[in-house]
Amino acid sequence: MSTTLYRGGAVLTAEVLAARVAEPLRRTVPAGDPLDDAPTALLVADGAVAWVGRADEADGLVDGADEVVDLDGALVTPGFVDAHAHVLDTGLRLASVDLHGARDLGEVLDRVHAAVSGPAGRAAAAAGDPLCGYGWDEHTWPERRAPRRAELDAVGQGAPVYLGRADLHAGVVSTSFAQVLGLPELPGWREDGLVTGPAHLAARRAVLDVAPQRRDALEAAALAAAARAGLVAVHEQSAPHLGSRAGLAALLAGTADPASGLPLVVGYRAELCETVDDVRELLAAVPGLTGVGGDLAVDGSLGSRTAALRAPYADAPTDWAHPDGRLDLTAEEVTNHVAAATRAGVQAAFHVIGDRATDEVLLGFRVAGDLEGVDAVRAAGHRLEHVPMLDAPALATMVLLGLTASVQPAFDAAWGGDDGLYAARLGRGRAASLHPLADLRAGGVPLALGSDSPVTPFDPWGAVRAAVAHRTPDQRIPVRAAVSAHTRGGWRAAGAGESRAGLLEVGAPAHLAVWRTGGGLPQLVEDAPAPRCVRTVRAGVVLHDELG
């Protein structure tokens, strides 16, 4: 039995968290906490927490420990769980042209031109792959428009190019890339090269259709990034346009054992099921699958103006085909899927953004509740991904049916506020009501936090900061609620609510992360130094280590 004694730091137990801010800080944000009341030592034995206490009480444990770690004031937290991510896509973004933070259209085109002429472009050409870029956001540019196909043709020197928008619900492609895939024949194609809907899904499928050896390398790079961010588990939101069933099965099998040295991957597969036999066939094809759905999209995104709204977008161009967005699933399809998953005893989950999409998905859930019984639906632990536009009736339905909200506070930090993208798309009034974290918490809806990586990066403390500093002050939640939702909440959302995963207490799995914070809790204010993860441990196995 291997044992490790950590001493000389601050251990963030549930009791310590409970003693922190009990109610949301409506107008201010915490600026750090020394955690003087926290335990200062922790013993890990055989993959579990064996003891928690004060450092001066740990002296008798030193001789029996295989490793003694002097924390030197570091913070020990439960290992974080990212409840919504795309592992292969994250790996590809790490290997692609980074367009995040580009100040204008010209900077995006310059970055693409430099990549085409450099090692990345030559490697893509040699492999017959398109040159990929991720993260452009025209809302912040003076031009206020997407790149155009002719511009990509020019700077890309005729090479196949795909550039994904920040939300990855739209992209722009070069002529050569579009022609090879037949994108002009698909719905969602525009002559300027902007692709949404089926045309964009086809482009994404082609970009992510990589050889198994490269897939393994990209996924390993993504999971290494997750471990460096203090994550011990990620919920993979797989879909046919994002990878194969076989690829997902291999990813789940390859991370199931902590000895893999990788974060656990919890698998969801977005394939619409009509019958319980459909569900069972999918479960048989992907052993270890946790849920059917996840990124099973009821609609699109606000940034790409494809989320389904009750009222039109405030800034939709006059030639926009769907000024109020579009629905990709009907309530009837939702009902059949939820009923089938409930009968099979497995989670269903849906991507939902707009208020009209929320109406549609919850209508489907209510009918499924009528068919299968509310208790059966509640017991299945179904979940909604994102769900930023909720009114009181929608919230009441989520509570009634026991639905979990898998949410991304970083979206509010990135695109909220009076001058943000959401206000431009919806108007300030509608935008101010987005991502109602405090309302969800007050209603008793279970919360699980995630990044939607690669849409936003793996950054759990950034998500916690965004939750406690919500741009709408009345929707801020306490530090303890945000940390819990990003640790224990992730395990519960995956159906592990009966275990003690996500807690640092005796008998709990030793999932933990060690942070350099400058002392105590990180400062959860803008421009404060980011905490640095110096060790990540899953069930006693070290995944990432900078402690030396």
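**Figure 1. Contacts of Leu 384 in the predicted model.** Leu 384 touches Phe 350, Val 352, Val 361, Leu 362 and Phe 365, and also Met 398, Leu 403, Thr 404, Ala 405 and Ser 406. Residues up to four places away in sequence are left out of this list. The model shown here and in the other views is predicted.

**Figure 2. The nonpolar cores.** The largest nonpolar core has 117 residues. Which of its members touch the most other members? They are Phe 350, Phe 365, Leu 384 and Met 398. A second core, of 20 residues, is separate. Among its members are Leu 99, Val 112, Trp 136 and Ala 146. In soluble globular proteins, nonpolar side chains tend to be buried together.

**Figure 3. Strand S21 and its two partners.** S21 spans residues 532–538. Six of its seven residues are buried, so the strand is mostly covered. Strand S20, residues 512–516, runs antiparallel to S21, and five bridges join the two. Here Trp 515 has Cys 533 in S21 as its bridge partner. Strand S22, residues 541–545, also pairs with S21 in the antiparallel sense, over four bridges. In this pairing, the bridge partner of Arg 535 is Asp 545 in S22.

**Figure 4. The hairpin turn between S21 and S22.** Two residues lie between the strands of this hairpin. Ala 539 sits in the turn. Its phi is positive, at about 50°.

**Figure 5. An open sheet of five strands.** The strand order is S8-S9-S10-S11-S12, and the pairing is mixed. S8 (97–98) and S12 (194–195) are the edge strands, each pairing on one side only. S8 runs parallel to S9 (residues 131–136), joined to it by two bridges. Val 97 stands opposite Gly 133 in S9.

**Figure 6. Helix H7 across the sheet.** H7 covers residues 197–207. The helix lies across S9, S10 (161–165), S11 (171–173) and S12. H7 runs at about 115° to S10.

**Figure 7. The protein chain as a whole.** The chain has 21 helices and 22 strands. Its radius of gyration is 23 Å, close to the 24 Å that the globule rule gives for 548 residues, so the chain is as compact as a globular protein of that length. Along the principal axes, the C-alpha atoms fill a box of roughly 75 × 60 × 50 Å. Of the 548 residues, 56% count as buried. The accessible surface comes to about 20700 Å², and 51% of it belongs to carbon and sulfur atoms. Among contacts between residues at least 6 apart in sequence, 72% join residues at least 24 apart.

Conventions. Residues are numbered from 1 along each chain as its sequence is written. This is a predicted model: local features need pLDDT of at least 70, side-chain atom pairs count only at pLDDT 80 or more; totals for chains, interfaces and linings use all residues. Side-chain values use heavy atoms; hydrogens and water are left out. A nonpolar core is a set of buried Ala, Val, Leu, Ile, Met, Phe, Trp, Tyr and Cys residues joined through side-chain atoms within 4.5 Å. Buried means under 20% relative accessible area, exposed over 50%, partly exposed in between (1.4 Å probe, protein chains only). Contact means heavy atoms within 4.5 Å. Two strands pair if DSSP finds at least two bridges between them. Axes are lines fitted to C-alpha atoms, for helices over the stretch in contact, and angles run from 0 to 180 degrees between N-to-C directions. The radius of gyration is taken over C-alpha atoms; the globule rule is 2.2 Å times the number of residues to the power 0.38. Accessible areas come from the Shrake-Rupley method with a 1.4 Å probe; for residues, only the protein chains shown count as cover.
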